[in-house]
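Below is a briefing on a two-chain model, grouped by topic. The structure is shown first, and the points follow.

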Amino acid sequence: MGLSLNDLCVRFATPSGEVLAVNHATVSFRQEEATGIIGETGSGKSVLGLSILGLLPAAAVSGRIFLDKRELTALGEREMCQIRGREIALVAQNPGTSLNPSLRAGRQIEEVFRLTGAGRREARARTLALLERMGFSRPEETARRYPFELSGGMRQRVLTAIAAAAQPRWIIADEPTKGLDAVVREQVYDTLRLSRREGRWGLLVITHDLLLARKLCDRIVVMYCGRVVETGPAPALFAAPRHPYTQGLIASLPHLGMKPMPGFSPAFTDQPSGCVFHPRCPYAEERCRREAPELTAAGEGSVCCHRCA
Amino acid sequence: MGHILRYTGKKLLWTVPILLGITLLAFGLGLAARGDPAVNRASVDPDYVPTREEIQALREALGLTVPAPVQYGRWMAGVLRGDLGRSLMDDKPVLGEMLRLLPNTLILSGMALAVIAAAGIFGGVLLALFHGRFVDAAGRAVLVTVMSVPGFCLAYFLIWLFAQKLRVLPSSGAEGPLHFVLPCLAVSAASACAAARLLRASLLGELGRNYILTARAKGLGRGRLLLRHALRNALPPTVTHIASAFGGLLGGSMITEQIFSVPGIGSYALAAIQNRDYTALRGYVLFTGLVFVLVCLGCDLLCAWLNPQIRLGE
């Protein structure tokens, strides 16, 4: 039971050719865990999140996505509207622009309750109660505010309230700390923690913020160039990363010496042969240049590297 | 609340220099134009050739011989008391004549404004709703076609179709509401199409914004997405466009009223131009200027209401 992706591919046509933003990803998430999807900017992790919600053009997505036994990729737009918000909700990235600038914060939360069939008064009351649980001391006042009258941290909490409103079974938080300063980042962390207490939903945190992932998540999925390169329980993965890319990411953390990884992610239109990481890999061998490794089970997770197979 | 009052007050204050500029322009028009109103008035009877002395006497009687600044001062003193002077041709008060003819023009432009706003918004939302499908492509082709036909051609086409072939609508006069249908369509069609295209483009632009992703992730369908979320943010450019189209309506009423024989202030102004009746013309320019300024003010306030960031002063 849970959310599982089976051979998921997301293709985009660009002027310089077709791009495989998610490349044959097969991975499943358990509802009782918080899973962190980590990787550099452009590793395809946000696209992966949006494809689960069916928010990408249908033609771009191939492969299958299952919510428990239901295949989401087989549903039409109308049925997906029933899934979105109620079963899988999104905390969009960039709180500065992800709220409608000309609607009051309260209205934007109420709307979710209204969609689930609540009357105007009930939606109002539940919005105020939810705002209070999200740590707003004066919910009436917050509900009356427009997004530009709220601070970044408050907007993030309003966005999280929108996602939590319908008590979904999954919440996907897309880059919840991107572009925020340290104080607000800390608030976001608390908010997501709070949201975990609020409901029993599975949490999918898409982030490049390794510290957030380590603090918040039980399980980690590492992505590189649209591929899943390593999965595993968070403590084990941070203590003993197996994929050279994960090792590099963790070594680049500030308190672990801040050693930057050599090289850059290759462009999506010009990917290396064999293992996509080999140009940057300190252990690359002849085989890595020729043959792409498969994601294979290893210990409590899986890893996509010839050395570990 | 205090902010919106300050905002309105500031906008109102700004209309003062604009209106002053309009009076200067309106007055200057008569000075810059060639020809002599006294000659026109003296030659009303085609069989009689006025003498030079008679024309000079008439000029003095009409007050055309005093220096221009004094003329302007006298005219402005009248304007401030609500007196736009008397026609140089027939001595009838300009304001009274315009007020008599005003209802027809107001009905015509008011109806046209309503048609532009309603059809523009409905069309824009419809095209955005069906974006990328047949309705959108066909609709856009129709809009461009209508926009590229000059207004008077459209007017004659409408007369031909509805008054001559189908015989369902009257082609001229202003006796009943039906008489206004054709002139209203003729003046509003192009602006309504432009408004629809503009709104469609801004709606599609809004659909690419981040807050739309949040709204879609709530499970909203495309219709609600457009009407509840995108429309309000997409409207300001279209509202501004409609307001400036209203200015065009006032000026264009001159031609439309002529084609459809509607007695309105457009026809009055046209007669004033032909007779070199500068006092009447000044009155017309001042009046339409004032109406346009008020419409623009209304438009600014509407945009402020649509956008809380302006309304609340951030």
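The largest nonpolar core has 132 residues, a nonpolar core being a set of buried Ala, Val, Leu, Ile, Met, Phe, Trp, Tyr and Cys residues joined through C-beta atoms within 7 Å. A residue is buried if 20 or more other C-beta atoms lie within 10 Å of its own, exposed if 12 or fewer, and partly exposed in between, with C-beta atoms placed from the backbone. The model is predicted: local features need pLDDT of at least 70, side-chain atom pairs count only at pLDDT 80 or more, and totals for chains, interfaces and linings use all residues. Residues are numbered from 1 along each chain as its sequence is written, while chains are lettered from A and ligands numbered from 1 in the order in which they are written.

**Cores**
- The members of the largest core that touch the most other members are A:Ala161, A:Ala165, A:Ile171, A:Ile172, A:Ala173, A:Leu204 and A:Val205.
- Helix H8 (residues 181-207) of chain B gives the most to this core, with 13 residues; helices (H or I, at least four residues) and strands (E, at least two) are DSSP runs, numbered from the N terminus.
- Apart from this core lies another, of 20 residues, including B:Val79, B:Ile265, B:Val285 and B:Phe287.
- Beyond four places in sequence, the contacts of A:Ile171 include A:Ala89, A:Val91, A:Trp201 and A:Leu203; two residues are in contact if their C-beta atoms, placed from the backbone, lie within 7 Å.

**Sheet in chain A**
- Four strands form an open sheet in the order S2-S1-S4-S5 (chain A), with antiparallel pairing; two strands pair if DSSP finds at least two bridges between them.
- Strands S2 (17-29) and S5 (70-71) of chain A are at the edges with a single partner strand each, so one side of each has no neighbour in the sheet.
- S4 (residues 61-67) of chain A is joined to S5(A) by 2 bridges, and A:Phe66 has A:Glu71 in S5(A) as its bridge partner.

**Contact between the chains**
- Chain A contributes 24 residues to the contact and chain B 19 residues.
- On the chain A side, H3(A) gives the most, with 3 residues.

**Chain B**
- Chain B has 13 helices and 0 strands.
- Its C-alpha atoms fill a box of roughly 85 × 55 × 30 Å along the principal axes.
- Of the 314 residues in chain B, 36% are buried.

**Confidence in chain A**
- Mean pLDDT, the predictor's confidence in each residue from 0 to 100, is 88 for chain A, and 98% of its residues reach 70 or more.
- Within chain A, confidence is lowest in helix H7 (residues 182-198), at a mean of 76, and highest in H3(A), at 95.
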